[in-house]
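User: Got a model I'd like to talk through. Can you take a look with me?

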Amino acid sequence: MRYAALVTSMFLLVQPADASTAPEIDPRASLSVVQQWIYNYRAKPDYAHVPAAVRVLFHAQSFKEPENSGIYLGFIAGAIGSNPAKAEQLVTSFFPVPPEDEWVIVRAIAYSGLPDWRNLLRKVAPRMPGRKVMIDSYLAGSLSTLTDIPLEEAKPGMLDKLRGVFSKNPFAKEDKKLQITLTFASNQDLLDTLWGYYFATGSHLPIQRIMSMLPWSKSRDTVDKLTVGSMARYTLASYAVRDAGLREYLRSELAHQPAPIRAPLGEVIEAADTVQLGAVRKDALAAVEELKAKGSDARRNLDFWGQVGVGAVALGCVSAAALGQVAVGIPCVIGGSASQGLLSFWEKQQ
């Protein structure tokens, strides 16, 4: 944690406030207090203190590294979407917002799931002139909302592949473009965002989305899929150990899911019922080692795309650790080190 000052409770520093009043919070308030409060929020919603919690997050610079702040972004988005009648009042209470953090408000509104989120974004846009490009992109639909982000990029069909082979100049120099298209398969922080939304609302919609990633835990085609799928399986098991309601929901879904989801979901439920998280972790690590040693299935099968480069896997311990060690005692997966409340699941290796 960047802020070592420990405070007994955030709520000793602020009084429960109407969402129209920006609460005064000591910037030294402990981030760990807010983390535990967020984790327990769905069991006992405390809407009046959401502005206070968000202000602590800003003071703690929790959004300095956007890829490590998905858990908090998802929570703010869920809080906004959970009470449409007071959504504008809640968003207004967040201001003033540090200019470098204004993107959080923009994205949280777009991710909130509010039917009228565009109008809300237009209303607060004048307070964030520095984010005009981002705001206009969401309003125009060139940036996706959370529910519209695809699981993965659509794969070209055989005809598209052949067309590319015969229409492409083999001697032309290929300019590589930065890939900024959002998909769940290539952005691990989106898994965090789904968990944050669940903590704020208790909705099973983000859980359904997370379950849809479970087949990737068996994938040997891409590092990204194996990474995200393994974390989806691990985080589901980790939280289900301590969340009986979540455990029962997963069990109720088992019979209704297609076979590719049913198999890893059964493993999640068994691991949660028997508190065998280590087995989930070891299986994931073994899969990574196999991928590193043998390469992907695409490489081994020498398919249309030829050899696929194989590298090391980096897996930030996203949501399972973001609130895990501090709030609910999930053990550190590797080494026990923590950074901004996030534990390292696999260290990045070159």
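**Helix packing and a loop threonine**

Analyst: The buried residues of H6 pack against helices H3 (70–82), H4 (87–93), H5 (102–111) and H7 (132–140), with contact meaning heavy atoms within 4.5 Å. This is a predicted model, where local features need pLDDT of at least 70, side-chain atom pairs count only at pLDDT 80 or more, and totals for chains, interfaces and linings use all residues. Residues are numbered from 1 along each chain as its sequence is written, and side-chain values use heavy atoms, leaving out hydrogens and water.

User: Which residues in H6 are buried?

Analyst: Trp 117, Leu 120, Leu 121 and Val 124, where buried is under 20% relative accessible area (1.4 Å probe, protein chains only).

User: And where do they sit around the axis of H6?

Analyst: They fall within an arc of 100 degrees, so they line one face of the helix.

User: Switching topic: at what angle do H3 and H9 pack?

Analyst: About 40 degrees, with the axes 6 Å apart.

User: Now Thr 183, where is that?

Analyst: Thr 183 is in the loop between H8 (158–167) and H9 (189–201). Thr 183 is buried, at 3% relative accessible area.

User: What joins the side chains of Thr 183 and Ser 186?

Analyst: A polar contact of 2.6 Å.

Technical notes
Helices (H or I, at least four residues) and strands (E, at least two) are DSSP runs, numbered from the N terminus. Buried means under 20% relative accessible area, exposed over 50%, partly exposed in between (1.4 Å probe, protein chains only). A polar contact is a pair of N or O atoms within 3.5 Å; within protein, one must be able to donate a hydrogen and the other to accept it, and residues adjacent in sequence count only if both atoms are side-chain atoms. The arc is that of the directions from the helix axis to the C-beta atoms. Axes are lines fitted to C-alpha atoms, for helices over the stretch in contact, and angles run from 0 to 180 degrees between N-to-C directions.
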